[in-house]
Amino acid sequence: MQHKRSSKAFSDSTAEVLSHALARELHGWVGLAVAALAVAGLLALVAVIVRTPVLRELFPWPWQDFFPKVVITHVDFSIVLWFLSILGALALLATARSTEGNPKWNILGRISLILIVISSFLMLISVVFNLGEASLNNYVPVLTHPLFYAGLGGLAMGISGVVLRLLRNLVNNTVGPFEHGVAATGTTFLIALVCFFLAWRALPAWIEPALANERLFWGGGHILQFVNTMLMLVIWWVLTEQATAWGIPPRLFIGALWSLAVVALSGVLFYVAFDVISLEHRVSFTQLLKFGLPIAPLMLSFTIAMRLAMVRPLWADISALSLSLSLLLFAVGGILGYFLGVSDTRIPAHYHAVISGVNLAVMGMTFTLFLPLLQRPCPTPQAVRLSLLLYGGGQLVLSVGMFAAGIAGVPRKTAGLEQNLDTAVKYFYMVVYGAGGFIAIIGGIYFVFMTLKCLLSRRIGGYR
Amino acid sequence: MRVLRESVESVRLRKSVSDSWWGVIILVTATLTLVSVMPAWQWVWSPEPRPVTYKITAESFLTQLDSMSATYSTGEFIEETPVVHPPPGDVYLAAQRFRFFPVLELEIGGTYRLHLATTDSVHGFTFPLAQADLLLVPGSAAVLNLTPGASGRYALQCSEYCGLEHSRMKGWVLVK
């Protein structure tokens, strides 16, 4: 059975239902997302200055353990805040589409946005004023200070607000594949919050802060990886609609997204079955990712690859190019994920590749959907292609280099002499990693620069 | 050539399983089946040994370990950790932020009962030579049976986040 796409393009049908107020809110979500990346970039620069011998003496910083704190805030901004802001933007679009631009509980959107901006400042204040201790636990690393936790709490509440607004507005309204996809992603985000809550309730009083934070964010952190993947699948759906003559079959897409939400829901049961400190608890969530996550993206990837095979030349269309690069990086990262070590650079190699896959999809959608919807001038196709290719190519080289270095025995989360690069092989792979990282950073900076410039420029047309 | 390619593409589209209800059924069934048999997969892939555990205090465990180290010390050090060469039988290894000690030097074919414990906080213990991935909890020791088959320098690592230096928390077992 064929599912020919609707006669009206996705962006046109969305633009028609985007009122002035909703467009301003969308501007806020996209601006917040890109600002999160820009701040994360600045924090990465500070991290480099703090660690580089000559620069360290030119810009002395008063605190000894500043480096891990900068890294923590960098991770939380560049992954957690960035992706969740995009979820906020997609939830807004889905709400607008299902209600034809007249949603109920509309005020919730602006309240959520303001709450998240305040929360982001709370997290930044914590790092600038050296509050709490650094905890480099998995998924959501933290500074152990009430202000930082309050920031994370505010972020969770803000995203919950837009997700609840979407779910409320889906009742008795039009629900297409896109709206289904975003609703399933939002529901999975709420499941992650339930996991955080259950972990917090189950943590015994005697454990030290490092393990407490690790287990607090372990289960929910894994469910957040479902959210990131589902976010990417929703964007794949939009990009496929834009890039190919035939979109993804709606039934398959809806089945894939809701089956992932059901799998994520089973994570809640682990809190009933296992002690939160136990080995079984730890292993069960990694197993859930290994066995619960791959089938849906695999089937959708296969379908999209078939569609893309008919698009020629692939690089001419921004949607097709970003979609192809996203598929490639996500596939590479997914495969690497089945061959991880314990504490070496194979782990960051895996997550850099999969996260880059998600990022490339978001980058493609920013240029082909968000900026046109916001009536902002888009950069030239050449500039967009360059940023996509630099970022995607660089991340691919980085991930392969890092994975090989991990096999050779380079430990993760270390720098300088701590890396123990005592063999030529280790050294070579880390040079490959460095070269890839350098190229990817240029691509990333270029993307942030272009997008911020467009977002800050005047509108080229009016909203509905 | 072009006609052939177009016909292949049209067949691909028409025959694509993913475009039908069958695709949805296969996807949902495969996903839910994989998840529901997760424990079985783990058992098939890595049948890890279940260690015997017993109650200890950090002091009593360190007393036994120090006694072994004093008796069988080789006088050598690896990364500032003393190397100990105990005979086959009971041997002791402790985890402490952010190191494992001592470095055990074992004999090929020797049968050892490896007693493991943490003396401060919770740590993980991953040791591929023994196919082990354990959680070491204060107040409890685990015992692994180990018969090394080949000489070499084998790494063991902490697999549970325990602080900023966690990634560097490694230890060694030498087999000669």
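This is a predicted model: local features need pLDDT of at least 70, side-chain atom pairs count only at pLDDT 80 or more; totals for chains, interfaces and linings use all residues.
Gly443(A) sits in helix H15 of chain A, a helix that spans residues 424-456. Part of its surroundings comes from elsewhere in the sequence: Tyr391(A) is 52 residues away along the chain, yet the two C-alpha atoms are 4.3 Å apart in space. Once neighbours within four places in sequence are set aside, the contacts of Gly443(A) are Ser387(A), Leu390(A), Tyr391(A) and Gly394(A).

Most residues other than glycine have a negative phi, and most peptide bonds are trans. Glu100(A), although not a glycine, has a positive phi of about 55°. This glutamate belongs to the loop that links helix H4 (66-99) to helix H5 (107-128). Glu100(A) is exposed, as 12 other C-beta atoms lie within 10 Å; the class takes in residues with 12 or fewer, so a count of 12 still qualifies.

Turning to chain B, the reader will find four helices and twelve strands. Of the 176 residues in this chain, 32% are buried. Among contacts in chain B with a separation of 6 or more, 56% are between residues 24 or more positions apart.

A positive phi occurs in chain B as well, at Glu79(B), where the angle is about 50° although the residue is not a glycine. Glu79(B) is located in the loop between strand E2 (73-78) and strand E3 (81-84). With 11 other C-beta atoms within 10 Å, Glu79(B) is exposed.

Further along chain B come two cis peptide bonds. One joins Arg97(B) and Phe98(B), with omega at about -10°. Phe98(B) is part of the loop between strand E4 (89-96) and strand E5 (99-101). Another cis peptide bond connects Phe101(B) to Pro102(B), again with an omega of about -10°. Pro102(B) lies in the loop that leads from E5 to strand E6 (103-106). Strand E5 is therefore a handy landmark for finding both sites in the structure, since Phe98(B) is in the loop between E4 and E5 and Pro102(B) is in the loop between E5 and E6.

How values were computed. Residues are numbered from 1 along each chain as its sequence is written. Chains are lettered from A and ligands numbered from 1 in the order in which they are written. Helices (H or I, at least four residues) and strands (E, at least two) are DSSP runs, numbered from the N terminus. A residue is buried if 20 or more other C-beta atoms lie within 10 Å of its own, exposed if 12 or fewer, and partly exposed in between; C-beta atoms are placed from the backbone. Two residues are in contact if their C-beta atoms, placed from the backbone, lie within 7 Å.
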